[in-house]
Amino acid sequence: MPDLDLLHISLADQRLYGFAKGQLCLRLAVSTARNGAGEGNGSGCTPRGLHQVRARIGAGLPLNAVLRERRWTGEVWSPALHAQYPGRDWVLTRILWLSGCEVGVNRLGAVDTFRRSIYLHGTPDTEPLGIPLSHGCIRLRNTDLLGLFERVPVHCPVRIDEAACPQWASLSL
């Protein structure tokens, strides 16, 4: 499979669309922020605009590896571990760490996506996707994230917007 050269995340659709050479080749369910769209530090919102993948974290870790502050804790998520830490915001399997590209919109100052630690990351399989529930990040199924991680290079552009069902979203893959 070719590397993806653009990711588009639709907050309205709660979907990630992946493109290679201008062709839609991937469509995945996601969960974005419960607080909606917004760029402010501490907002708990998913930032809009043009971003890039600044870092890829977790290569070689097991499926469901638990990450805290971008480091593996040595734990692997399980229902028993989940029950032991009921309020934890689980960051699992891999991280694609985003950095904003638009100064004053999602980069630098009070709206800095990178400093806010906004990621694409895995979530427990028990968590629903397709509805906004995150604290600002973009959550994916762990198996989906594994495949995505292998296809997304550092500096891959990521567009996040509120557009409802972009015209290309209904294209067949």
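These legends describe views of a predicted model of one chain.

**View 1. Secondary structure along the chain.** The chain holds 2 helices and 10 strands. Read along the sequence, they follow the order β-β-β-β-β-β-α-β-β-β-α-β. The radius of gyration is 15 Å, close to the 16 Å that the globule rule gives for 173 residues, so the chain is as compact as a globular protein of that length. The C-alpha trace spans about 45 × 40 × 25 Å along its principal axes.

**View 2. Packing and surface.** Of the 173 residues, 49% count as buried. Among contacts with a separation of 6 or more, 64% come from residues 24 or more positions apart. The accessible surface of the chain comes to about 8,100 Å². Carbon and sulfur atoms account for 53% of that surface.

**View 3. Charged side chains.** The chain carries 19 positive and 15 negative side chains. The centres of these two sets lie 3 Å apart.

**View 4. Glu69 in the loop between β5 and β6.** Strand β5 covers 65–68 and β6 covers 71–76, with Glu69 in the loop between them. Most residues other than glycine have a negative phi. Glu69 has a positive phi, near 50 degrees. Its relative accessibility is 66%; the cut-off for exposed is over 50%, so Glu69 counts as exposed.

**View 5. Leu108 in the loop between β7 and β8.** Strand β7 covers 92–100 and β8 covers 119–123, and Leu108 lies in the loop between them. Phi of Leu108 is also positive, near 70 degrees. At 40% relative accessibility, Leu108 counts as partly exposed.

How values were computed
Residues are numbered from 1 along each chain as its sequence is written. This is a predicted model: local features need pLDDT of at least 70, side-chain atom pairs count only at pLDDT 80 or more; totals for chains, interfaces and linings use all residues. Side-chain values use heavy atoms; hydrogens and water are left out. Helices (H or I, at least four residues) and strands (E, at least two) are DSSP runs, numbered from the N terminus. The radius of gyration is taken over C-alpha atoms; the globule rule is 2.2 Å times the number of residues to the power 0.38. Buried means under 20% relative accessible area, exposed over 50%, partly exposed in between (1.4 Å probe, protein chains only). Contact means heavy atoms within 4.5 Å. Accessible areas come from the Shrake-Rupley method with a 1.4 Å probe; for residues, only the protein chains shown count as cover. Lys and Arg count as positive and Asp and Glu as negative; His and the chain ends are not counted. The place of a charge is taken as NZ of Lys, CZ of Arg, CG of Asp or CD of Glu.
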